[in-house]
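Here is a short report on one protein chain. Read it alongside the sequence and the coordinates.

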Amino acid sequence: MKLQIITRTCRGCGQTMPLDMFGTDRREKDGKNRLCRACLHRKYVREYAEIKKDPERYAALLEQRRKNSEDYRRKRGARKVVRHEVPEGMKRCPRCGKIMPREVFRGASYCPDCRRAYNRERWEAIKASDWMHERFLQTKRRTYKLKKLYGNKGMGGRPTDAERPRDRG
Ligand SMILES: [Zn+2]
Ligand SMILES: [Zn+2]
């Protein structure tokens, strides 16, 4: 009896390996990366070394990382520890802490000012880095595809803030 194992040949090292040696890549037809995990890791290390050579790109990368972890901590903190008493029909911007009428937010989590600031910061970081710009374009293409599939609401129409039930927890 022959055991059937699904394999794939890595574009990097040319080795044929079981599928679980390859990471997920939704852009690929079969959802698996062209490079094996080891080659992908080597590629990231190489890219990182490239970025590290250029002080400006490296600073942008570090800044982006710091912001990401800060955003992440802020989100977790807001959800886990801090409970803000907000009057009915009002909403608190988690970035600046201002309390404003819910309509001002239009279903977004940040107030318009913070949203503008956040987008500007992100855009500056994206422009400063080639690989971040490439990733940005990939996301844009993906969003376009999703919008074509699911309409303007993107990911299967998640409920907006207005549609969500008021009393959570
Ligand atoms: Zn490989
Ligand atoms: Zn704000």
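## Terms and model

Helices here are DSSP runs of H or I with at least four residues, numbered from the N terminus. Strands are E runs of at least two. The model is predicted.

## Overall make-up

The protein holds six strands and five helices. In sequence order the pattern is β-β-β-β-α-α-β-β-α-α-α.

Take the contacts between residues at least 6 apart in sequence: 22% of them join residues at least 24 apart.

Arg106 sits in the loop that links helix H3 (102-105) to H4. Its phi is near 50 degrees. That is a positive value, in a residue other than glycine.

Is Arg106 buried or exposed? Arg106 is exposed, because 11 other C-beta atoms lie within 10 Å and the cut-off for exposed is 12 or fewer.

## H4 against H5

Two packed helices are described by the angle between their axes and the distance between the axes. For helix H4 (residues 112-128) and helix H5 (residues 130-150), the angle is about 115 degrees. The axes of H4 and H5 are 5 Å apart.

Which residues make the contact? H4 supplies Ala125, Ile126 and Lys127. H5 supplies Met132, His133 and Phe136. By class, the contact of H4 with H5 has four nonpolar residues, one polar and one charged.

## H5 along its length

H5 has 21 residues. From its first C-alpha to its last, H5 reaches 30 Å. That is close to the 30 Å expected at 1.5 Å a residue.

How many of the 21 residues of H5 are buried? The number is zero, so H5 lies largely in the open. After H5 comes Gly151, with a positive phi near 85 degrees.

Gln138 belongs to helix H5. Gln138 is exposed, because 12 other C-beta atoms lie within 10 Å and exposed covers 12 or fewer.

Gln138 and Arg27 are 111 residues apart along the chain. Their C-alpha atoms are separated by 8.9 Å.

Terms used:
Residues numbered from 1 in each chain as written. Chains lettered and ligands numbered in written order. Predicted model: local features only at pLDDT ≥ 70, side-chain atom pairs only at ≥ 80, totals over all residues. Contact = placed C-beta atoms within 7 Å. Axes fitted to C-alpha atoms, helices over the stretch in contact; angles between N-to-C directions. Nonpolar A, V, L, I, M, F, W, Y, C, P; charged D, E, K, R; others polar. Buried ≥ 20, exposed ≤ 12 C-beta atoms within 10 Å, placed from the backbone. Expected span 1.5 Å × (residues − 1).
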